[in-house]
Amino acid sequence: MPNLVETAAPAIGALLPELEALYKDLHQHPELSMQEFRTAALVAQRMEKLGYEVSSEVGVTGVVALLRNGEGPVVMLRADMDALPMAEATGLPYASTVTAEDEEGVQVGVAHSCGHDLHVTWLLGVAQLMAAHRDAWSGTLLAVFQPGEEVGRGARSMMDDGMIERFPKPDVILGQHVMVGPAGTVGYRSGTILSAGDSLKVKLFGRGSHGSQPQTSIDPVIMAASTTLRLQTIVSREISPRESAVLTVGSLQAGTKENIIPDDATLKLNMRTFDDDVREYMLGAIRRICCAECAASNAPREPEFTTLSSYPLTVNDDATTARLRKAFEAWFGARAYETQPAAASEDFSVFGREWGVPYAFWFVGGTDPEIYAQAEAAKKLNEIPSNHSPKFAPVLDPTLRTGLEAMLCAAAAWLGHESEAA
Ligand SMILES: [Zn+2]
Ligand SMILES: [Zn+2]
């Protein structure tokens, strides 16, 4: 019986020119979160042509494509499709010049600065390889193209749209992300690989007045300043040095003019944690400090908390990772390595958590290996433009190929005749 990786991987070379053109097209047509209409239509059309059963508009713009190929496990492969509200500054010939209206009606630049265009291309390519080599595997492939990862809503909106009732339950859920790292490498990890991320808006209420009459005011600027400083004591004074966490107040807004004391102030903060208990603790501490600072200022009412986004921890299943590791090591040799957890967050794990299915997520390096080696030698790795930088620009050769190979190896570890399950 044919071995899936050995028969399909040699076909990648012939596919690359077409996939590279597809990638550049997606890159030049980025779409904001939950507005991925063009991308979704392109995906649906291609998957239909390949013979998949396609369901569109799952959770607004999500696309689910199913290929049933006999007895065997159900494997879900996931790619996210959205771009970021920022102007691209890579100077690439295929850089985005797109602008669009965000959810607040503001005109913004749009760019694939997180590399989700690569994720879509990888999954389309692997779907094509799997369709062309049906004799080398058996089971069911569930390809999921997800909207709105950057706003933490896409996976949830797909699950809320009846994923569990509408599609076969996967035996495993697999996903990958392009990251800073030598191109050609694949980083896997058992256990926590990505932090949880929580973003909150906190509105603090004071009482406005003339700037010359502070005694008639309750000054929300002082309240916000002192809250911001005190919030920094959560990580430095309340969390054990053995744990790690981040709390950033990234936005602080109050007032319009130097001689007016405003009515209120608004903080926007972002938190990253690597443990569910630490996360719960910090959310409580944020509330406690905000409320206590308002009380200390004699605020007329309690602060108002709004969740802007909430990403759960990504905790890779041990047995799933062990199987992946074997598959990656067999194909990539020393180019597969065990990575450290990243202080970045994803809503990928929502599928596995809600469905009760083991999952694993891994990284594919996208940095020119020479540039990476030079930066590493000069201890300047932090100067390489990372995901969400306007200069983030994965090198296509060999990143495009590596992501295809990694996802193919992963799918084969469950579906291929060579897999442990077969
Ligand atoms: Zn991102
Ligand atoms: Zn991303």
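Buried means under 20% relative accessible area, exposed means over 50%, and partly exposed lies in between (1.4 Å probe, protein chains only). The legends below describe a predicted model, in which local features need pLDDT of at least 70 and side-chain atom pairs count only at pLDDT 80 or more, whereas totals for chains, interfaces and linings use all residues. Residues are numbered from 1 along each chain as its sequence is written, chains are lettered from A and ligands numbered from 1 in the order in which they are written, and side-chain values use heavy atoms, with hydrogens and water left out.

**View 1. Lysine 257 and glutamate 258 form a salt bridge.** The closest N and O atoms of the two side chains are 3.5 Å apart; a salt bridge is a side-chain nitrogen of Lys or Arg within 4 Å of a carboxyl oxygen of Asp or Glu. Lysine 257 is partly exposed at 42% relative accessibility, and glutamate 258 is exposed at 70%. The structure holds 17 salt bridges.

**View 2. Aspartate 80 and arginine 78 meet in a salt bridge.** The N to O distance is 3.6 Å. Both aspartate 80 and arginine 78 are buried. Through shared partners, salt bridges join Arg78, Asp80, Glu346 and Asp347 into one network.

**View 3. Glutamate 20 and lysine 24 pair within helix H2.** Their closest N and O atoms are 3.0 Å apart in a salt bridge. Because glutamate 20 and lysine 24 are four residues apart in helix H2 (residues 12-28), about one helical turn separates them. Helices (H or I, at least four residues) and strands (E, at least two) are DSSP runs, numbered from the N terminus. Glutamate 20 is partly exposed at 30% relative accessibility, and lysine 24 is partly exposed at 26%.

**View 4. Three protein residues supply donors to the zinc ion (ligand 2).** The donor atoms are SG of Cys114, NE2 of His116 and NE2 of His177, at 2.1 to 2.5 Å from the ion. Donors are N, O and S atoms within 2.8 Å of the metal (3.2 Å for Na, K and Ca); water is not among the atoms, so sites may look incomplete. The spacing of the donor residues in sequence is C-x1-H-x60-H. Cysteine 114 is buried, with a relative accessible area of 8%, and histidine 177 is buried with 6%.

**View 5. Cysteine 114 bridges two zinc ions.** The ions are ligand 2 and ligand 1, and they lie 3.1 Å apart.

**View 6. Domain 1 and domain 2 share an interface.** The domain assignment, which is automatic or taken from a database, gives domain 1 as 4-195 + 313-421 and domain 2 as 197-310. Their C-alpha centres lie 36 Å apart. Eleven residues from domain 1 and eight residues from domain 2 take part in the contact, where contact means heavy atoms within 4.5 Å. The size of an interface is often given as the accessible area lost when the parts come together. Here the two domains bury about 670 Å² between them, 55% of it on carbon and sulfur atoms; this buried area is the accessible area (1.4 Å probe) that two parts lose on being put together, summed over both. Two residue pairs are in polar contact between the domains, both at pLDDT 80 or more. A polar contact is a pair of N or O atoms within 3.5 Å; within protein, one must be able to donate a hydrogen and the other to accept it, and residues adjacent in sequence count only if both atoms are side-chain atoms.

**View 7. Serine 349 is buried in helix H10.** Helix H10 spans residues 349-355, and the relative accessibility of serine 349 is 0%. Not counting residues up to four places away in sequence, serine 349 touches Pro312, Leu313, Thr314 and Tyr359.

**View 8. Backbone geometry at methionine 34, valine 60 and proline 398.** Most residues other than glycine have a negative phi, and most peptide bonds are trans. Methionine 34 has a positive phi near 65°, lies in the loop between H2 and helix H3 (37-49) and is buried at 11% relative accessibility. Valine 60 has a positive phi of about 75° and sits in the loop between strand S1 (53-58) and strand S2 (62-69); valine 60 is partly exposed at 45%. Aspartate 397 and proline 398 are joined by a cis peptide bond with omega about 10°, and proline 398 is placed in helix H12 (residues 396-415).
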